[in-house]
Amino acid sequence: MKILSLLLIFINTTSLLLGDSPHPVEALSVVHAEQKIHLVKTDESDLLHYSSSFPVYRIRNDSDSDVLLTENQILLSPGEECEMGEFPLLDIECQTAGEEIHLHLEGVDLGIAQNEAQLVYPQYEWKLSHKGYTKSPFVSEDIWGKVQPYLLPLDHPAKSFLDKVCSKRRILESDDALKKAGFLFRPNSTRTGMIVARHMEMWGYLIKTHLDTKDVQNRDASIWMHRVDGANLIRECIKAHGYEHLLKTPRKWLYPVPPDSTSGRYRQNFMLVVEDMHILEHSKNKDAFKKKMNIEKMDALVTVMKECRLNDCVYVFNIPFSHDGRIAFVDTEHFNIKSRPIKFFKLTPYFSSKMQKHWKKLTD
Ligand SMILES: Nc1ncnc2c1ncn2[C@@H]1O[C@H](COP(=O)(O)OP(=O)(O)O)[C@@H](O)[C@H]1O
Ligand SMILES: [Mg+2]
């Protein structure tokens, strides 16, 4: 690849406190970062590159020409903006037919220099709300009793934020309502119609939810409790083997969505809150499976998959590498599946030829 040369003419970073709440006490002290960047082509190379000092969640094209974000193949016309969904960007690679690129970046200021190797959780001072949960009239006593051990703790940082955002509008009414509430996600990005969304004021956590337009036959509580059980089983297994430096799985909780008369046809009463595993974007993840998998990690992976009977973890997007180098079990829906063999062979092509041999030895 040609050596890239670019001129960074103008960078302007501003930080401001987020939170439009009329009650400042409830606002979270998360710092919003914005940056305007101007990249200019200085030779024949048409790939421009910029390393951001903060994770970028939203990008607007302020140039006169189209800009292609090469990593995710998103084409932005002049004035258009896009949200990065599951993969906030640190390295921005783009192309344009024009001579220069003006981009407006938005993200979360972590207050520390970032690079891909060390994405860490910021030490935010969350304002905690200890307000308890009230049972919605649409939830049965039986379900309400069952969900109690699974609920997002009252002093959890995400709780006060979700209470605030859900009290303003029915966020699960539609794609649009969720977007208006400031959540970032790609509609229809999952197989099951579930939405995985993040919010800049809830850094470090994601929500997984269905919208009120999706018929889950009133099973939302059990769907999410099952995923919590799966994550707990995997975490215990990782711990029992002392694999914490190689593997991880998010902690997960149920959040009871406050009822609202405007909710659509299939009211969702619960959503899932999970720890953000800071996973690698698809192509980088595939690359990591080839280059970063070693004997120690592979042995650990197979042990956990076999012991917990994780049939759906034979797909690289369900067990992605994360920025800290560990493999993250993010999809915890299918576990203890004894009726079907695990199709280990599906993962084989993703490894280097040396590691393919080891994989076959472990799984044949
Ligand atoms: N805890 C998490 N941290 C980071 N990304 C996640 C997390 N959970 C899910 N994702 C992203 O969302 C995608 C879909 O989530 P998943 O639980 O696998 O849903 P599904 O059951 O629909 O396959 C994952 O492949 C991953 O890209
Ligand atoms: Mg999945």
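A crossing of two helices counts as right-handed if the near helix is turned clockwise from the far one by less than a right angle. In the predicted model, the crossing of α6 and α7 is right-handed, and the crossing of α4 and α6 is likewise right-handed.

Helix α6 spans residues 295-308 and helix α7 residues 353-363; the two pack with their axes 11 Å apart, at an angle of about 30°. This angle makes α6 roughly parallel to α7, because angles under 35 degrees are assigned to that class. On the α6 side, the contact involves Ile 295, Met 298 and Val 302, which meet Met 355, His 358, Trp 359, Leu 362 and Thr 363 of α7. The residues of this contact between α6 and α7 comprise six nonpolar and two polar, with no charged residues.

Helix α6 also packs against helix α4, which covers residues 220-241. Here the axes lie 10 Å apart and the angle is about 130°. With that angle, α4 is oblique to α6. The α4 side of the contact consists of Leu 233, Ile 234, Cys 237, Ile 238 and His 241, whereas α6 contributes Ala 300, Thr 303, Val 304, Glu 307 and Cys 308. By class, seven nonpolar, two polar and one charged residues form the contact of α4 with α6.

Note on methods: Residues are numbered from 1 along each chain as its sequence is written. Chains are lettered from A and ligands numbered from 1 in the order in which they are written. This is a predicted model: local features need pLDDT of at least 70, side-chain atom pairs count only at pLDDT 80 or more; totals for chains, interfaces and linings use all residues. Axes are lines fitted to C-alpha atoms, for helices over the stretch in contact, and angles run from 0 to 180 degrees between N-to-C directions. Helices (H or I, at least four residues) and strands (E, at least two) are DSSP runs, numbered from the N terminus. Angles under 35 degrees count as roughly parallel, over 145 as roughly antiparallel, 65 to 115 as roughly perpendicular and the rest as oblique. Two residues are in contact if their C-beta atoms, placed from the backbone, lie within 7 Å. Ala, Val, Leu, Ile, Met, Phe, Trp, Tyr, Cys and Pro count as nonpolar, Asp, Glu, Lys and Arg as charged, and the others, Gly among them, as polar.
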